[in-house]
Each structure stands twice: as structure tokens, then as C-alpha cells.
Amino acid sequence: MSRPEMPRPLGDDAQPVTFASGPPRRRYVVARQQDAWFIMFDGAEFGPYQSEREALLFAIDAAHKLGDQGEETQVLRIDENGDAAAAWTHGIDPYPPRS
């Protein structure tokens, strides 16, 4: 499986991030683009945020609210190599998140 290089613009050629295990989740993806951080969700991009921490906190808050409405949600962070890692998962990780 090839991984996209970061930073990269999001568009029609953006590859979705998927994991095989567990129930399907609605994912908030936090990624750096040039000198700012953005949140991608449902085909929309939100930001810019001045720091990774700020973007993650906003994404976790939104994922928590949607999770409380019965959706399975997760926040992913894309690192500088284009690899995705779970940063927060509704029902598993504490809310509010620990520093």
C-alpha cells in the first residue's frame, strides 16, 4: 500500500485512510500542510490551526460531540511521512483528553 507524501493538497486524488479492525468509524484527520494544521472531515477541510495541539483539540471535541450522538468516531493524525495513527477514539480514550 503506497502512502501519500506530506504535505500534499487535498483533492480528488486524496487517498482515504482506512483501518481493517473494529466497527466503521467516522474519522477526523489532522494533518500539516506547509506551516499550518488542518482538520479534514467528510470531504471538507477546516483550519488553519497554528499548532498540532490546537487542531487535535478541535478535532477531538468535534469527534466527541458526534460520538455522543451515537456515531463511532476517531481522530487520526497524519505524520510527516504520511503515516496515519489514531490520536483519539470515542468510547476508548478519555474526554477531555489528557495533556
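**Entry 1: elements**

Helices (H or I, at least four residues) and strands (E, at least two) are DSSP runs, numbered from the N terminus. With that settled, I looked up the elements and found one helix and five strands in the chain. Read from the N terminus, their order is β-β-β-α-β-β.

I noted what I was working with: a predicted model, in which local features need pLDDT of at least 70 and side-chain atom pairs count only at pLDDT 80 or more, while totals for chains, interfaces and linings use all residues. Residues are numbered from 1 along each chain as its sequence is written, and side-chain values use heavy atoms, with hydrogens and water left out.

**Entry 2: the sheet**

I then looked up which strands pair; two strands pair if DSSP finds at least two bridges between them. The five strands form an open sheet, ordered β3-β2-β1-β4-β5, with mixed pairing. At its edges I found β3 (44-49) and β5 (84-89), each of which pairs on one side only. Neighbouring strands of the sheet are turned by 25° against each other on average, direction ignored. For such angles, axes are lines fitted to C-alpha atoms, for helices over the stretch in contact, and angles run from 0 to 180 degrees between N-to-C directions.

I picked out one pairing. Strand β1 (residues 26-33) runs parallel to strand β4 (residues 73-78), and five bridges join them. Opposite Arg26 I found Thr73 in β4.

**Entry 3: aromatic rings**

My search of the whole structure gave three aromatic pairs. Rings of Phe, Tyr and Trp (its six-membered ring) pair if their centres lie within 6.5 Å; planes under 30 degrees apart count as stacked, over 60 as edge-to-face and the rest as tilted.

I wrote down Tyr49 and Phe58: the ring centres are 5.2 Å apart and the planes stand at 35°, so this pair is tilted. I also wrote down Trp88 and Tyr95, which are edge-to-face because their planes stand at 70°, with centres 6.3 Å apart.

Which of these residues are buried? The term means under 20% relative accessible area, with exposed over 50% and partly exposed in between (1.4 Å probe, protein chains only). Tyr49 is buried at 14%, whereas Phe58 is partly exposed at 47%. Trp88 is buried at 2%, and Tyr95 is partly exposed at 35%.

**Entry 4: whole chain**

Last, I looked up totals. The chain has 99 residues, and 34% of them count as buried. Among contacts (heavy atoms within 4.5 Å) with a separation of 6 or more, 48% are between residues 24 or more positions apart.
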